[in-house]
Amino acid sequence: MNLTREQKAIVNFNLGRQDVLKVIAFAGTGKTSTLIEYTRARPRHRFLYIAFNKSVQLEASQKFPRNTQCKTAHSLAWWNFGDKYKHKLVPSLKPYTIMDLVKTDDYESAKFVIETLSAYLVSMDEKISKKHMSLLARQYCKNNKYDPSDVVKKAGLLWAMMCDENDKDVGMVHDGYLKLYQLSRPVLRFDCILLDEAQDTNPVTSDIVLSQSCPKILVGDPHQQIYSFRGARDAMKSIKATQTMYLTHSFRFGSEIAWLANQILHSFKGETQNLFGLKNTGAITEFSDKTYTFIARTNAVVFDEAVKLYKKQKIGFVGGIAGYRLDDIVDTYYLYSKKKGKIKNGYIKSFPSFSEMLSFANTVSDWELKNRCTIVEKYKSKIPYFVKGITYKAVAPERADVLFSTAHKCKGLEFKRVRLANDFQKLLLAGKPIKTKDISLDEFNLIYVSVTRAQEKLEISERLGDFVEVVKD
């Protein structure tokens, strides 16, 4: 393949035994193909490529040469740790299932016990402590005169039950056996480790990789870090590297979309490097095409748009419709209509009323919950009907005219035509770019990720359009 000058420089960079190379790879700049060429250029070396998720790992296994093993962090941990818990594996713990076990009749405190344990599991720490409690959990304890150390103690009790192979009451989550693997201080016998999507790597995985004695290559885009709410921390930022190199030339789109991406990064992220679009296509324009991908910030706004289109066009959902939590919209409607007996989701059922749910969403700035409440107030009794209709009409993504996605689900993907929803972070206040001090950087990253999915046409939202007009002037 024809490599750019930047790609060639990376492929030709030889690492010493203790070296760490950081590669900052902007959207669509060929980071995976660069790593593939790096491993091909060294056929006698044994490489370990660590992928962010299973689908990326499977795709990588088909592309990398034989001298490279492609794994996820969880698959590394499976054989010695995960396998023995396969009889009690669960996707997550639910507050209402552990309330009796940790001796609390308070749903909120049970939720904070689980959150504290979850924060510990993705950390590099050996023991659970108050540092794993969220600010919201600390505030809850203060307001309710609840001892924070009790939350930590109960989280420790829960962890002990989770680790007990014979305990049938508390299942083992996937992050649990990964934590056990990290605590075992594994030695990975490879000549070099390649860590992909390093910006979204949680500390427990970073610790596994960085504790190895072989050279390492960390590849990622700090501006695509969108999972900090799950405990991800930008390994690219905190790690001191022997060398830092860049991939700035995108094969995905042209100069217009690259220009918009640069405006977002320069205005709100302080980025000094420029992203360059190599293609002749990639216009920011309104379009009348009937086939496109609609990207929103929240599931609720995806639902809102699907209501408008499901009777007219074939609709599909990136990753499958189950991931868009339409049942939660129905349960929120039941809370709104005072039919709590019909609610299946224990978290939604825990709210005394719809107004208290809305108040909570506003207090903690929960985008998803706020938009879901807005949608329920908009459609009211029609909610169950619409959810049933959308679910029935949804087709496989490859058969859809209109493909729906959230910004989180579209990461790593690309589409010919993209239309953005209007539920992303506002970028202007009184006609000027907003101050970023009190806003999570993830919100700007989500806009950048969504904008850079488009290959040929990008139709931006009103909020983003206003920003474009200001920066053009």
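Buried means under 20% relative accessible area, exposed means over 50%, and partly exposed lies in between (1.4 Å probe, protein chains only). The views below come from a predicted model, in which local features need pLDDT of at least 70, side-chain atom pairs count only at pLDDT 80 or more, and totals for chains, interfaces and linings use all residues. Residues are numbered from 1 along each chain as its sequence is written, and side-chain values use heavy atoms, with hydrogens and water left out.

**View 1. A buried salt bridge joins R297 and E443.** A salt bridge is a side-chain nitrogen of Lys or Arg within 4 Å of a carboxyl oxygen of Asp or Glu. Here the N to O distance is 2.8 Å, and both R297 and E443 are buried. Because R297 lies in the loop between β10 (292–296) and α13 (299–309) and E443 in helix α19 (residues 441–451), the pair ties together parts 146 residues apart in sequence. Helices (H or I, at least four residues) and strands (E, at least two) are DSSP runs, numbered from the N terminus.

**View 2. E459 and R419 form a salt bridge between two strands.** The closest N and O atoms are 3.1 Å apart. E459 belongs to strand β16 (residues 454–459) and R419 to strand β13 (residues 415–420), 40 residues apart. E459 has a relative accessible area of 15% and is buried; R419, at 17%, also counts as buried.

View 3. Most residues other than glycine have a negative phi. R185 is found in the loop between α9 (174–183) and β4 (192–195). R185 is partly exposed at 40% relative accessibility, whereas D207 is buried at 16%.

**View 4. A430 also has a positive phi, of about 55 degrees.** A430 lies in the loop between β14 (428–429) and β15 (432–433). With a relative accessible area of 77%, A430 is exposed.

**View 5. V451 is part of the largest nonpolar core.** A nonpolar core is a set of buried Ala, Val, Leu, Ile, Met, Phe, Trp, Tyr and Cys residues joined through side-chain atoms within 4.5 Å. This core has 77 residues, and V451 is among those with the most contacts inside it. Contact means heavy atoms within 4.5 Å. Not counting residues up to four places away in sequence, V451 touches I257, L260, I264, L420, L458 and L464.
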